[in-house]
Amino acid sequence: MSSKPSSLFIIWVLIERDLRTLVKSPWILINRTVFFLIQLFVFAFLITKLASSLGFNYFAFYSVGAVVSTITSIAFIIGEDLFEEEEMGLLDYLLSLPFGHTLFVIGRALGGAVRGLIYVTPMMILVAYLDGYFSVVGVAGSLLVIFVLATGISGLSITLAMLIRNANRFDIMIALAELATVRVSAAIYPLVYMPKVLQPLATYSPVTSASDIVRAIFLPGYASEPYETVVLVLFVLIFFGLGSAFLFRKLEGGKFE
Amino acid sequence: MAMIQFKDVAKSFKDVYAVKGVTCDIEDQEIFGLLGPNGAGKTTLIMTMATVYNPTRGEVVVDGHSASAEPDKVKSLIGISFQDPKYDRILSAREILQWHGKVTGVEKGVREKRIDDVLTKFGLAGEAKKRTWMLSGGTKKKIENAKVFVQRPKIAVFDEPTAYLDVPSRLMVWDMIDELRDGGTTVVLATNMMDEADRMSDRVGIMSRGEMVQVGEPARLKGTLKGRDVIEMKLEAPFPELVGEVKHVEEVKEAHFEGDLLKIALSNGRELLPHMINLVTAKGGKVQSVNLKEPSLEDVFLHYTGTTLT
C-alpha cells in the first residue's frame, strides 16, 4: 500500500509543505508587499529626484534592486523557520522521514526559494512594466535568476540556523547577514558610490550578480559580466553543501534526551 | 529473524553517553514496551534506530538493513508518534495527515480513506479543518498518533501514546495499536505508564542510565522478584503459633501478625495460595478473607533500576 517515494517527489513534497504554511500566513505576504510598494513609490521616487544630477535613472536602477533585495530578505526566513522547528523538536520528526539529510536541505532551500518567488513575481512584473520592459521570456529569465539567488540565500540561512544554537544570537546573526548581503551589494546603489573598502566585497556579492544580470535583461545600457553567473552558481553550491554539513553536525553534536 | 537488532549500540553527544552499549532484539510483530525514566536513553535509542542519529559504537539492524549503511531504506520502514506532538500547528489535522501520508509514500486513494477512518474513530471529523494550535492537548496527541495509523508502517514507534488522553480515548488507542500489530506491524511502545506496558506489551525492556538492564515478558520479569509476593489472611482472632508453622514452608521468607492479619512474604504466592490456606486451616486458624499481592511491573522497574518512573 505504500511505496518508497522518489527523490524528486520528496523535494516537491518538502516545497509543498513550505507553500502550505505560506498560504496559511498571508499577513507576511501583505506586510512585505506593502513594504516593497512604499520603498518603490516613496523612497525610490524621492531619491531619484535627489540623484537626478548624477545623470542616470535611479528609479529604474533601484526598482530592480528592490525586487532582488526583497527576495533576499524573504529567502532568509527559511532559516528562521528551521531554527524554530529545531527548538520545537519538529526537526526530529522531519529527519525521521524517509529521505536523507542532503535531500532535506535541498528541499527546504528550494522551498524557501519557491516561496520567495511567489512573493516577488507580481513585484517583478510591476517593475518590468514600470521600466517599460515587456518581454515575457525576459521576465521569466529574470525570475529564474532571482530564484537561483534565493536558493543560495536559503542555503546560507539554513547554514546559520544549523550553526548557531542560541536564539538571540541567531536573530542577531540573521539580521546582520541580511543587512550585509543586501547593503554590501549593488542592489540598491551603484558600486562606485560605495565606500572603497566595501567595493571588492560588493563586486563579488551574489546579490550584486543577480541585480546586474536582471538589470542587463530589463534596462538598456546595463551589462553583466560572465563571472557574475559563476559567483551566483558557486554561492548556491557552497551553501547547499554547508547547510547539509552543519545540519549533520548539529544533530550529532548538540542534542541529548 | 528479529525485526530490530540493537548490537552493542552506544551513542554519545560530545563526552556524554546517552546510550551505553545496548544489545537487544525486537521480534517481528511483537509489541515491545520500552520503559525508563526521563533521561534513561529511550528517545536516543529510538532516534538511533530511526537513523536520525548515527551510533557512536555498535549497529542497529532493521529488517535486515543496517541503519548506518542504508538509512533511507530503514526510515521507509518506520513511523514514529512522538511524545510531544510534532507537526505544523498552523495546519489542520487533515492537512497534517495528508502531508505525512504523502511523504511516507501512502497512495492517494488509500491515504484519504485511512485519514477519514482515523479522524472518525478519534471523533475528529468535525475538527479536521481547524488549525491544530487551536485544539486541546488530548486532541493534538490524537493527531500525533493518527499520523502512524495513516502510515501503517512496518515498524511503529509510539512514545507515550496515551498521555493527555481520557479513558475512552486511551482504550481506543490501545485497540488501534493492537489492530496495527495484527495487521503485521512491529510496535515499540515507550511508556512511563506501567498499566499500559503491562496490558500492551509482549515483552518489555527496562532502560536505566543508558543501559538496557532487563528484557522479558512482564509476567516473567515479575516472577524474577523472588519472595516479593505477599499473602494477607484475615483470621477470626490473632493466632501467633501459626507464624512458626508457616515459616516451615521453604518458599516463605517472612511471616508475622498485624492484629488479626497474618502477613506472609513468599515466592510463587499464586501457586502456594491453596496450600497456605489449607495449612492455616489445618492448624486451627479460622480464615475470614484472603488477599494475594503480587509484584507489579513498577516493582520490577524499581528493583532493576533503583529508581521510580518520573
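Reply: A definition comes first: domain bounds are taken from an automatic or database domain assignment. The model discussed here is predicted.

Me: How many Å separate the centres of domain 1 of chain B and domain 2 of chain B?

Reply: In chain B, the assignment places domain 1 at 2–222 and domain 2 at 226–294. Taken over C-alpha atoms, the centres of these two domains of chain B are separated by 44 Å.

Me: Which helix gives the most to the negative patch?

Reply: The negative surface patch consists of A:Glu80, A:Glu84, A:Glu87 and A:Asp171. A:Glu84 has its place in helix α3 of chain A. With three residues, the main contributor to the negative patch is chain A's helix α3 (residues 58–88).

Me: Is A:Glu84 buried, partly exposed or exposed?

Reply: Partly exposed covers the range between under 20% (buried) and over 50% (exposed) relative accessible area. Because its relative accessible area is 47%, A:Glu84 is partly exposed.

Me: Which helix supplies the largest share of the nonpolar patch?

Reply: The nonpolar surface patch, with about 1,100 Å² of accessible area together, includes A:Ile30, A:Ile38, A:Phe45 and A:Tyr129. At least two of its residues come from each of α2 (26–50) and α5 (101–130) of chain A. The largest share, eight residues, is supplied by α2(A).

Me: What is the relative accessibility of A:Ile38?

Reply: A:Ile38 belongs to the nonpolar patch and lies in helix α2 of chain A. This residue counts as partly exposed because its relative accessibility is 46%.

Conventions
Residues are numbered from 1 along each chain as its sequence is written. Chains are lettered from A and ligands numbered from 1 in the order in which they are written. This is a predicted model: local features need pLDDT of at least 70, side-chain atom pairs count only at pLDDT 80 or more; totals for chains, interfaces and linings use all residues. Side-chain values use heavy atoms; hydrogens and water are left out. Patches are made of residues with over 30% relative accessible area and no salt bridge: like charges are joined within 9 Å, nonpolar side chains (Val, Leu, Ile, Met, Phe, Trp, Tyr) within 5 Å. Accessible areas come from the Shrake-Rupley method with a 1.4 Å probe; for residues, only the protein chains shown count as cover. A salt bridge is a side-chain nitrogen of Lys or Arg within 4 Å of a carboxyl oxygen of Asp or Glu. Lys and Arg count as positive and Asp and Glu as negative; His and the chain ends are not counted. The place of a charge is taken as NZ of Lys, CZ of Arg, CG of Asp or CD of Glu. Helices (H or I, at least four residues) and strands (E, at least two) are DSSP runs, numbered from the N terminus. Buried means under 20% relative accessible area, exposed over 50%, partly exposed in between (1.4 Å probe, protein chains only).
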